[in-house]
Amino acid sequence: MPEAVVSAERLSKSFGAKEVLREITAIAEPGDVIGVLGKNGAGKTTLLEVLLGFGPPTSGTARLFGEESMRLSERAKARIGFVPQQDELIDMLTGEQQLKLTSVFYRSWDRELARRLISEWEIPMDRTIRKLSPGERQKLALVLALGHRPDLLVLDEPVASLDPIARRAFLKQLLDVTGSENRTVLFSSHIVSDLERAANKVWILKHGELIWQGELDALKESVVRLHVRGRRKLTGSLGIPNALSERVHGTHATVAVASWDPRDEARLAARLDADVEAEPLGLEDIFVELHAGR
Amino acid sequence: MFVLNPQSGTPIYRQLMDQVRRLVASGQLAPGTPLPSVRELALEHAVNPMTISKAYHLLELEGVLVRNRGKPMTVAARSPRAAPRAQRRKQLQADIRQLVFAARQLELDKEDVVALIEENWEDENAGSGRQRRKT
Amino acid sequence: MRSIAQLCRIFCTGFSIQRYGIAAAGAAVMLGTGLALLSPPAGAMVFSFGIVLLGSSVLVPAGWVAREVSLPRAYRFAPHFRKKMLAALLLVAAAPSVPTGIVAALAPGDAAILPAVVLPALLTSAMIWVFFFLPASMLAPLGAIVVIGLLRRANPEAIPAIEELGPEVAACVLIAAWAAFAAWYLRAPRIGPFHSRLLLRLDRLFAREARLPDVVPVETSLRAHLWPQFRPNETWTSAIGGGLLCAIIAAILIRGEAQSRAMVALACLIAAALAFQPGWAAARNARLVWLRAPLSRIELFRTAEAGFLRLLAIRALMLAIGFTGAFVLRNMPLAPLLPLLAVATSSAVLAAYIGLGMVRFEPWRDVALVGAYVASLGYGAWALGRGESLGVLLLVSGHTAAAVLCRTIAVRRWREIDWIETRPPRRDATETLVKLLQGES
């Protein structure tokens, strides 16, 4: 079993009375591309930051490359690249100066890669950072995180300020960089379609709890929307286990369920005396259904 | 060659596998044809290469594709009709269910659907010049 | 109406340091009232210290906060944004006049009301404007002192003193000044961070341009991240050059009287207290290098401390040369200079360690610390003005002991510093203000 790149064990984080993360247990293995999905305020940024050691967990442990996050060694830090949600660039410097100042910290800095990305993404390097647009700042922050070829890349809403073309270009670059080597990527995003393309695993956060952790493909096969067409009028609750939401109109009903097993279809059809059809859902619909009701 | 929709409820690897199987079964991918590399396909569609590689791997296990060391994967040498009819029918199952569902919503009955199928079949046959089969 | 009140609140309490100051002032006022029962003079002193602390906490940053909030151009689209800001500023400027006016009205005898109303308003308006227009430059505090000195040096016959003119004229001048400010503020397309070209050039003189060499040493990069507003390569030679320049300017401004000695002392001490801000900022900006620099939290503290002490030493050298040169040029005795420099140094070092340690807010402890520090500054100015060498000695040793204590506190706090809660200050202050404003308008 390969050593986990990222590991959280019963990780909790509270700020005073406010509990932001609750008993999160999750791991990321080398080569995973994990999408962290959750509503605003679900705790995505806090989770990423605690995993990276920016702050101590209130209880539980956070580890990167087997080391405790608050006490990362030089070796571990050299293998990590991070793009925060609010870029941490120094306004007063030019892009060129910021690049120089950052590259100094890393022995494995790849100048060629940095130059290539800068020219592909057309980032103006001789203007002060204060004068760059939010998209250009985001791209610069990405270059700073990718330049030393980290084994673990953590991105917090990395494409929020980019236009669709730039987003697609970034995604391709990301997949190029991670696909060829055994790199691990952990990224949080609102843009579900990007997650669907790039991620092979998802972590879904709801109110600080991890309600799903696993392969994206398995998630899509597990959460389905059942279309029930009864021969008689359907009343009351249909009593389908693991139902997330239920809408009944006369003889038709639409029920979203989690942990669906296709073999249950026949049994359910017989019990309800109806036609049952399982419609697979895209990630966005899955996300909406998982949040329905509560 | 392939149409991949990441937003669909069907996982990407499944979509790719279904499409490869169909193209092989219909003869459009002849035995020995090389398939695009994992990296090429992943970059073209901007999807995770692991998804493509998973699809290829499962197809290799099924015997549809053959792995060649150092060279791209190729279609296995088997006759296009080698898969039993029952298996081929099963592959069409999902599409048929969608068709039936849509028809029910439009409140069309079975006769309407069959007539539509026959119409479209004629057009297909005219285009590809294949023999008509009983449905 | 509510949004204007909200804005006033922001100006007066927008920064946590303002809130601390107000809390400490409240404590001092209560203490003074209590003490007055036992010993009126001591009680009165503590009471008035509290009032002064309250006034300065609220007013000193208000102009600066107002400018920061006016900066983003997007707010031009918020309905009546500039008008509301102006109204709030006026309220803040006029606020101190209310209690003094009431006191003057109720006081027995023939106390004139108008001076009691006009004078505080004049002082607060001046303070607001000085900080509103304070250019973004590290020479700014020095510049402020130069301006004040020049004003005092103005030829007395040419410009009659305000006391001679009388409160009526002063009131008219004040109203005219506000009208001019209002006219400019409401119409200016951009309220910039004011860059004075002269100051920018002087900045470059004092610290060479940040033209980084091809191979930047890691310490330079660390320093650049911890204190982004300071040029990363201030050197000793620039300190000497700057010091000589300071000497010439100071020689022109100092009048060589005892009064001016106390003023100089106060100015130096206020400048020394500003050493708090870089310490406070370093604690937050260290977040930027946590993942990049191969240093543990304690090692980061030591780096920040070393960098900071180096910066302080360079600045101290500059000031020492400046004042010594000035005194020498004016043939003034150098004896009073030594205690001044000693107190200024100890105050700056203590302020720095207090700042470095403020990573986690423990309200009571921090308020007590800041209150005690400000009190010590007041005592220092008094002792220096009166030439009390024993008092100065006590103060310097007291500061040193406190600095050691604060350092221990800072080290303990840095071990568990939580950068999720304490973020770099640049965006933090204005963004929370922005959110508050957008909620209202």
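Of the 294 residues in chain A, 47% are buried in this predicted model. The secondary structure of chain A consists of 10 helices and 14 strands, and its C-alpha atoms fill a box of roughly 75 × 40 × 40 Å along the principal axes. Among the contacts in chain A that have a separation of 6 or more, 68% are accounted for by residues 24 or more positions apart.

One part of chain A that can be followed strand by strand is an open sheet of four strands, whose order is β2-β1-β4-β5 and whose pairing is antiparallel. The edges of this sheet are formed by β2 (18-28) and β5 (67-68) of chain A, each of which pairs on one side only. Within the sheet, strand β1 (residues 6-15) of chain A runs antiparallel to strand β4 (residues 59-64) of chain A, and five bridges join the two. In this part of the chain, A:Ala8 stands opposite A:Ala62, a residue of β4(A).

Chain A also touches chain B, with 21 residues of chain A in contact with 18 residues of chain B. On the chain A side, the elements that give two or more residues are α6 (164-180), α7 (192-198), α8 (216-222) and β14 (274-280), and α6(A) gives the most, with six residues. Sorted by class, this side of chain A has 10 charged, seven nonpolar and four polar residues.

In chain C, attention can turn to the helices. Helix α4 (residues 62-70) of chain C and helix α5 (residues 81-94) of chain C have axes that come within 11 Å and cross at roughly 175°. Because an angle over 145 degrees counts as roughly antiparallel, α4(C) is described as roughly antiparallel to α5(C). The contact is made by C:Ala62, C:Ala66, C:Val69 and C:Ser70 from α4(C), together with C:Met85, C:Leu89 and C:Val92 from α5(C). By class, six nonpolar residues and one polar residue take part in this contact, with no charged residues.

Another helix of chain C, α19 (residues 363-386), has 24 residues and reaches 35 Å from its first C-alpha to its last, which is close to the 34 Å expected at 1.5 Å a residue. After α19(C) comes C:Gly387, whose phi is positive, near 70°.

Terms used
Residues are numbered from 1 along each chain as its sequence is written. Chains are lettered from A and ligands numbered from 1 in the order in which they are written. This is a predicted model: local features need pLDDT of at least 70, side-chain atom pairs count only at pLDDT 80 or more; totals for chains, interfaces and linings use all residues. Two residues are in contact if their C-beta atoms, placed from the backbone, lie within 7 Å. Ala, Val, Leu, Ile, Met, Phe, Trp, Tyr, Cys and Pro count as nonpolar, Asp, Glu, Lys and Arg as charged, and the others, Gly among them, as polar. The expected span of a helix is 1.5 Å times one less than its number of residues. A residue is buried if 20 or more other C-beta atoms lie within 10 Å of its own, exposed if 12 or fewer, and partly exposed in between; C-beta atoms are placed from the backbone. Axes are lines fitted to C-alpha atoms, for helices over the stretch in contact, and angles run from 0 to 180 degrees between N-to-C directions. Angles under 35 degrees count as roughly parallel, over 145 as roughly antiparallel, 65 to 115 as roughly perpendicular and the rest as oblique. Two strands pair if DSSP finds at least two bridges between them.
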